[in-house]
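Subject: Structure handover

Hi,

Here is the structure for you to open. Please have it on screen while you read the notes.

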Amino acid sequence: MQQSRDASRHCSAHTHTHCLHDRNYLSLLWLGLWILRYRRQLASSACPESLHEIMTKLQDLQLLAADEVKCLQELPLPKRAEALMDTVGGKGRMPLQAFQHCIENSRTCLYLRMRHYDPLVRKHLDNVQYDDQQPPLSQLSSVLMVEGLKDAQIQEHDVGQLELEQAGRAGSKSLPLEKMLMPLSRVSLPPRITLTVGVAGAGKSTLVRLFVEKWTRGKLCTEIKSVLSLKLWELNIHDRLSAEKLVRIACPGTTTLPPSSLLILDGLDELRAPLDFSDCVGSIDPQKELSPECLITNILRGNLLPDVTVWVTSRPGAAAKIPGGLVDRMTEISGLGSNDIKDLLDQLIHDTNGTLERIWDHLQCHRALKALCSVPTLCHIIGLSLEFTLHAQDSTNQHLPDTLSAIFSWYLKAQFCDAERIEQPANARRMVGNLGKLAFQGLLRKRTVFYESDLKSCGIETPVLPGSLCSRLLISQHSPSCSSFAFSHLLLQEFLAAVHYHSAAKRAIFDLFADGGVSWPKLGFLNHYKSATQRVLQADGVQLSIFLRFLSGLLSPQVPRVLAGCLPSKEEPSNHRGLAIDHLQSLLSAGKTISGGMVNLVCCLYEMGHTELISAVDEALKTGTLKGQLTPLTSSALAYLLRVSGSCSQETNLNQCLNYGLVQNFLPQLQYCTNLRMENNNFKDDVMELLATILRAKDCAIQKISLAENQLGNRGIKVLGKALMVNRTLSSLDLHSNIIGPNGARSLAEYLRNNQVLLILDLQNNRIKSEGAEHLAQSLRKNRKLKALNIKKNGIEAAGAESLASSLKENQVLQELWLSSNSLGDQGAAALAEALTANSSLITLE
């Protein structure tokens, strides 16, 4: 009996061991079959980035040796993929599991490319291909839902938008990517037209790739049955096309879209011509051929593909051409925050000897540069430039660049040095000249996307040699119908265009902006510089503003030294800088208004290294001695500081130096200040009408404003109160020592009833009396936001105190109430004391 049990146990143990062996064998066999099944797809779908990513992960897991990785990297691409599979397949179960895990979680969507054979899905995956030149964009998990474009987005260059919008969107709601195309409530409908805007390099195309990838994986918008993603630069090679042809371009072999389809129009600003809704032929025929811009216009109007949901991405300027009534939902890509910028720089910079800390401190001291770093691509360029500068300069004399021209000069120098391993320096210098010509022609024709014919006309041969200078500055994009090229960022195009203009202007005899047309002769660099300046100051010249900054920066003493050996021709010393400075200052002195163009001229002076004017105004601003010094010249310098100065971002002290005319001139800049002090300026009520316009504006970023010790009365306060009804940013308002009286207090009280923003209100010494206090008391019964109210020295008597006491029994939000230097009497004091027994929020009562 015992022998039988032992035999049974032995048999059971043997069976269990055999089962384990079978399981391991079957698992290994399944993994092997998985590799065999997708072997061909892996070899055809893998790209250098995906294989490098997988090999790096396997090496980190100690499943591939360094010499194995080195041998694999020497093989051509298809054989490299097959050899990697063979190498890993011979190592057993764990390496095979790790290999499969790396494929399934590759950032390059390699697994999806291997698994999906459907042409439509493969087309989607073509649009989510990983671009190794773009930094990771973790902030794209959500977008900001906005009500419309701000004035700065319509009127300013992308750089100007970043400089002005550092305070961010006030009150904007963050919308997860998963809900971007969804109804916002159970009773609302999903949007038909969704528009997403962002400056150049913000990540609009990357957002599209992420969306399509997640949709393909079934992680969002599963109710959408089909997605067609189209980069609009693909349409530029067509003179005319129909809606059916558009669908075939997005998805070959398809002419009609099934229900619940999404059409993504990525890069509206890359169309060769802007949309024109006022002069476009209407059409409902899907087979009728139209110009690309007219076709897109009819799709947005709903004449064509009316049952399709449309998502458009664009830079703000092109998006402004779409009538607001056609857009159901507008979103905006938020920029990187301080922590995101620091994390991105940490990934980018190989920190040695505190390099990262030095770069971060430098950005903290230069507000404008840090604002540019909120765009990931610019953060990448600026970070690389500053790192290269520190490594290239003598350790005893390391000066980090603080102008755009110097930043991009060091960036070009870094790319030039890296390219020397691939091509001869003489060829690289010639390429800088050819790329500059291409960039300038694009600037003239308002184009950022180029084709092979454009490159060849500028002496650039295709295909571009990998690793060459051209491949480092130009990004190639491919579609089934054509290939295109674009500079890695718009600012790089403008910098190279300025390099070309700076060189060509010294020998040109006709206006370079004529682009081959007829023009009056222009001899000498200075005449061409004046021509560029004049064009920037024209109404439609804002898109040339940064080009002019770069052109001015090339006249500074430092930039030519950095670019020595990188340019096609040797730069000779000249006196152009002094003459250009005199020209800019004469334009600023003659200016009657402080326009964005005038502020840009001050930026040009800064780029040249001429900082005397800016430094003098900055010192006067800090010491409060601006009174009597604000001429047209110094006013433009002040407007520049209001835009870029770090100290002005904390507090802008404009006490005792303004009048009606100056306030009118400064309005465009004042609305972007966060903390404004405008005390003791003898303002009358008419100034309040000016200030009310910026407090009502969508762009307004003002959080604190002090208008104390002016002469503001009831009429001005009434205008202010109406503006505050729609303002969403102001949290602190100081009006002490004015003459608003009881009627002014009533105007403010009407606003306070529905206030959702203001936290602090100072009305000390304003003669509001008991009548004004009663009006304020009535508003406090309904107000649920105000934390502090100062009404000292206002001639308030017992009746006013009793009204306030009554309101305190209902208001459980107010924390500070200042009532000293009034005539409350015993009766008023007793009423307040009684109110405190019922009030639980008040902390300070004086």
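Ground rules first. This is a predicted model: local features need pLDDT of at least 70, side-chain atom pairs count only at pLDDT 80 or more, and totals for chains, interfaces and linings use all residues. Residues are numbered from 1 along each chain as its sequence is written, and side-chain values use heavy atoms, with hydrogens and water left out.

Confidence
pLDDT is the predictor's confidence in each residue, from 0 to 100. The chain average is 85. Of the residues, 89% score at least 70. Two stretches need care. Over residues 1–32, pLDDT stays under 50. The model has 11 contacts (heavy atoms within 4.5 Å) beyond four places in sequence for that stretch. Residues 115–138 also stay under 50, with 60 such contacts. Where pLDDT is low, the predicted coordinates should not be read in detail.

The mixed sheet
Helices (H or I, at least four residues) and strands (E, at least two) are DSSP runs, numbered from the N terminus. Two strands pair if DSSP finds at least two bridges between them. Seven strands make an open sheet with mixed pairing, in the order 2-1-7-3-6-5-4. Strand 2 (173–176) and strand 4 (226–231) are the edge strands, each pairing on one side only. Neighbouring strands here are turned by 25° against each other on average, direction ignored. Axes are lines fitted to C-alpha atoms, for helices over the stretch in contact, and angles run from 0 to 180 degrees between N-to-C directions.

Strand 1 (residues 142–146) pairs with strand 2 in the antiparallel sense, over four bridges. Leu144 stands opposite Ser174 in strand 2. Helix 11 (residues 204–216) packs on this sheet. It touches strand 1, strand 3 (193–197), strand 4, strand 5 (261–266) and strand 6 (309–314). The direction of helix 11 makes about 160° with that of strand 5. Helix 12 (residues 243–250) lies across strand 4 and strand 5, at about 95° to strand 4.

Eight strands form an open sheet with parallel pairing, in the order 10-11-12-13-14-15-16-17. Strand 10 (652–653) and strand 17 (844–845) stand at the edges with a single partner strand each, so one side of each is left without a neighbour in the sheet. Strand 15 (residues 788–790) and strand 16 (residues 816–818) run parallel, joined by three bridges. Ala788 has Glu816 as its bridge partner in strand 16.

The hairpin
A hairpin of four residues joins strand 8 to strand 9. Strand 8 (residues 474–478) runs antiparallel to strand 9, with five bridges. Ser476 stands opposite Phe485. Buried means under 20% relative accessible area, exposed over 50%, partly exposed in between (1.4 Å probe, protein chains only). Strand 9 (residues 483–487) has four of its five residues buried, so the rest of the structure largely encloses it.

Helix 30
At 1.5 Å a residue, helix 30 (residues 632–644) should span 18 Å, and its end C-alpha atoms are 19 Å apart, which agrees. The expected span is 1.5 Å times one less than the number of residues.

Cysteines
Cys648 counts as buried at 2% relative accessibility, and Cys700 at 5%.

Best wishes
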